[in-house]
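A reader new to this structure asks how its features are to be read.

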Amino acid sequence: MTVKGRRAEYAEATRSALLDAGRRLFIERRYAELSAEEIAKDARLTRGAVYHHFGGKQGLFEAVFEQVEQELTDRLTSALGQAGASWDTVVLGVNVFLDECTDVAYQRIVLQEGPFALGWDRWRELDERYMVGLIRDLVDELSRADALVHRSPELTVRAIYGLLTELAWSLADTTDEQTRGEAGQLALTMIGALRRDTE
């Protein structure tokens with residue numbers, strides 16, 4: 001292996017160690033309570049590594065945030081890809097998303113600490129980057145299948161995104177199964193109003 005190759009390998013290992021340490025600590029403790037030095041120490045690295053690879057604590061948090069969002073996106077993409085364009089797809093997608101909202105990593109990093117650590121505007125920008133595209137793809141597929149009432153596709157996407165986002169906030173501090181169940185029923189009832197009656 002060349003010197004350049006070893007450096008790249010070491011850099012990737014360093015970055016991965018910081019992401020792992022950051023994710024663990026951001027779940028365990030509040031963002032404001034942590035320092036870049038503590039995260040680096042947990043990863044057995046220097047504070048300079050945090051700044052070199054992420055520009056500081058906030059940059060590391062943003063990278064962890066995107067990692068968690070990408071994991072949800074991958075799960076949704078996999079689930080929706082297997083279901084095809086039907087009402088079952090909607091039911092599956094809503095349930096996968098709301099289940100994720102009761103997962104501790106998603107709760108802590110995306111819902112609880114994300115807006116504080118990133119600021120509201122950046123939080124929304126990143127969340128939309130992952131969620132809106134998935135919802136738009138689903139709405140487009142259902143529209144092509146003539147499974148939705150005829151409304152503005154973009155307004156439909158925004159309405160579903162807003163609904164799911166608000167329900168996510170309602171699950172941000174709970175693992176209560178009843179609350180999770182009610183959130184799912186509400187989501188499917190409200191989105192169901194967009195379903196075209198084919199009978």
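The dialogue that follows treats the overall fold, a helix packing, the cavities and an aromatic pair.

Q: On what kind of model do the values rest, and how are residues numbered?
A: This is a predicted model, in which local features need pLDDT of at least 70 and side-chain atom pairs count only at pLDDT 80 or more, while totals for chains, interfaces and linings use all residues. Residues are numbered from 1 along each chain as its sequence is written, and side-chain values use heavy atoms, with hydrogens and water left out.

Q: How many helices and strands does the protein have?
A: Helices (DSSP runs of H or I, at least four residues) and strands (E, at least two) are numbered from the N terminus. The protein has ten helices and zero strands. Its C-alpha trace spans about 65 × 40 × 25 Å along the principal axes.

Q: How does one read the packing of α9 and α10?
A: Two packed helices are described by the angle between their axes and the distance between the axes. Here the axes are lines fitted to C-alpha atoms, for helices over the stretch in contact, and angles run from 0 to 180 degrees between N-to-C directions. Helix α9 (residues 153–170) and helix α10 (residues 177–192) pack at about 170°, with axes 10 Å apart.

Q: What lines the largest cavity?
A: A cavity is a set of points on a 1 Å grid over the protein atoms alone where a 1.4 Å probe fits but cannot get out, and lining residues have an atom within 4 Å of a point. Grid points are joined across faces, edges and corners, and a volume is the space filled by probe spheres set on the points. The structure holds two cavities of 30 Å³ or more, and the largest has a volume of about 200 Å³. Its lining has 16 residues, of which Val94, Ile135, Leu138, Ile160 and Leu164 lie nearest the centre. Helix α8 gives the most to this lining, with six residues.

Q: Which helix gives the most to the lining of the second largest cavity?
A: That helix is α9, with four residues. This cavity has a volume of about 60 Å³.

Q: How is the pair of tryptophan 120 and tryptophan 169 described?
A: A pair of aromatic rings is described by the distance of the centres and the angle of the planes. Rings of Phe, Tyr and Trp (its six-membered ring) pair if their centres lie within 6.5 Å; planes under 30 degrees apart count as stacked, over 60 as edge-to-face and the rest as tilted. Nine aromatic pairs are found in the whole structure. Tryptophan 120 and tryptophan 169 form a tilted one, 6.3 Å centre to centre with 35° between the planes. Tryptophan 120 lies in α8 and tryptophan 169 in α9, so the pair ties together parts 49 residues apart in sequence.

Key. 1 Å grid on protein atoms, 1.4 Å probe; cavity = no way out; pocket = protein on both sides within 12 Å on 5 of 7 lines; lining within 4 Å.
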